[in-house]
Amino acid sequence: MKENLRLSTLGKTWIFDFDGTLVEHNGYKEGADRWLPGAKEFLQNIPAEDYVLILTAREEEAREMTEAFLKQEGIRYNDIKFQMPMGERILLNDSKPSGLKMSYSVECKRNEGLLGLSTEIDESL
């Protein structure tokens with residue numbers, strides 16, 4: 001994946017799917033979670049003032065194990081939601097009068113990770 005997001009200096013809300021996007025899909029069912037290429041590094045580079053929400057279809061019983069993995073790996077996040085529906089994830093947002101793009105959608109191929117996804121802060125936005 002090669003994608004560059006041009007972002008403003010404003011604080012952001014990041015929403016991530018977990019299995020198949022950040023970690024190997026269903027890896028936890030086969031013994032342990034494993035990071036996909038670039039995922040851990042991408043998460044670690046999100047500014048502390050930004051909000052990070054992780055969504056997963058994992059059952060509630062996997063909460064303790066999943067949160068322990070994230071803590072052990074030093075991943076900061078604000079919230080994680082379990083038992084999310086497996087269908088489409090739909091984000092609706094308003095536009096700014098300035099023309100600032102207020103929503104992005106990046107669809108990653110399952111288990112390929114975030115390698116090649118980059119961000120740049122554009123002071124003019």
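**Close-up 1. The largest pocket of the predicted model and the residues that line it.** About 1,700 Å³ of space lies in this largest pocket of the predicted model, and its lining is made up of 47 residues. Those that lie nearest the centre of the pocket are Ile 15, Phe 16, Asp 17, Arg 89 and Val 106. Strand 1, strand 2 and strand 3 are the elements that give two or more residues to this lining, and the largest share, five residues, comes from strand 2. Sorted by class, the lining of the largest pocket holds 23 nonpolar residues together with twelve polar and twelve charged ones.

**Close-up 2. The second largest pocket and its lining.** The volume of the second largest pocket is about 250 Å³, and among the 20 residues that line this pocket, Trp 14, Asn 45, Ile 46, Pro 47 and Thr 119 are the closest to its centre. The lining of the second largest pocket divides by class into ten nonpolar, six polar and four charged residues.

**Close-up 3. The largest nonpolar core.** This core has 21 residues, of which Trp 14, Phe 16, Phe 18, Leu 22, Leu 70 and Leu 114 touch the most other members. At least two residues of the core are supplied by each of strand 1 (3-7), strand 2, helix 1, strand 3 (51-55) and helix 2 (63-72), and helix 1 gives the most, with three residues.

**Close-up 4. The surroundings of Leu 22.** Leu 22 is one of the core residues that touch the most other members. When its neighbours within four places in sequence are left aside, Leu 22 is in contact with Phe 16, Asp 17, Arg 34, Trp 35, Leu 36, Ala 39, Leu 43 and Leu 114. Of these partners, Phe 16 and Leu 114 are likewise listed among the core residues that touch the most other members.

**Close-up 5. Thr 21 in its loop.** Thr 21 is placed in the loop between strand 2 (13-17) and helix 1 (39-44), and this residue counts as buried because its relative accessibility is 15%, where buried means under 20%. Apart from neighbours within four places in sequence, the contacts of Thr 21 are Leu 36, Ala 39, Cys 108, Gly 113 and Leu 114. Leu 36, Ala 39 and Leu 114 are also in contact with Leu 22.

How values were computed
Residues are numbered from 1 along each chain as its sequence is written. This is a predicted model: local features need pLDDT of at least 70, side-chain atom pairs count only at pLDDT 80 or more; totals for chains, interfaces and linings use all residues. Side-chain values use heavy atoms; hydrogens and water are left out. Helices (H or I, at least four residues) and strands (E, at least two) are DSSP runs, numbered from the N terminus. Buried means under 20% relative accessible area, exposed over 50%, partly exposed in between (1.4 Å probe, protein chains only). Contact means heavy atoms within 4.5 Å. A nonpolar core is a set of buried Ala, Val, Leu, Ile, Met, Phe, Trp, Tyr and Cys residues joined through side-chain atoms within 4.5 Å. On a 1 Å grid over the protein atoms alone, a cavity is a set of points where a 1.4 Å probe fits but cannot get out, and a pocket is an open set with protein on both sides within 12 Å along at least five of seven lines; lining residues have an atom within 4 Å of a point. Grid points are joined across faces, edges and corners, and a volume is the space filled by probe spheres set on the points. Ala, Val, Leu, Ile, Met, Phe, Trp, Tyr, Cys and Pro count as nonpolar, Asp, Glu, Lys and Arg as charged, and the others, Gly among them, as polar.
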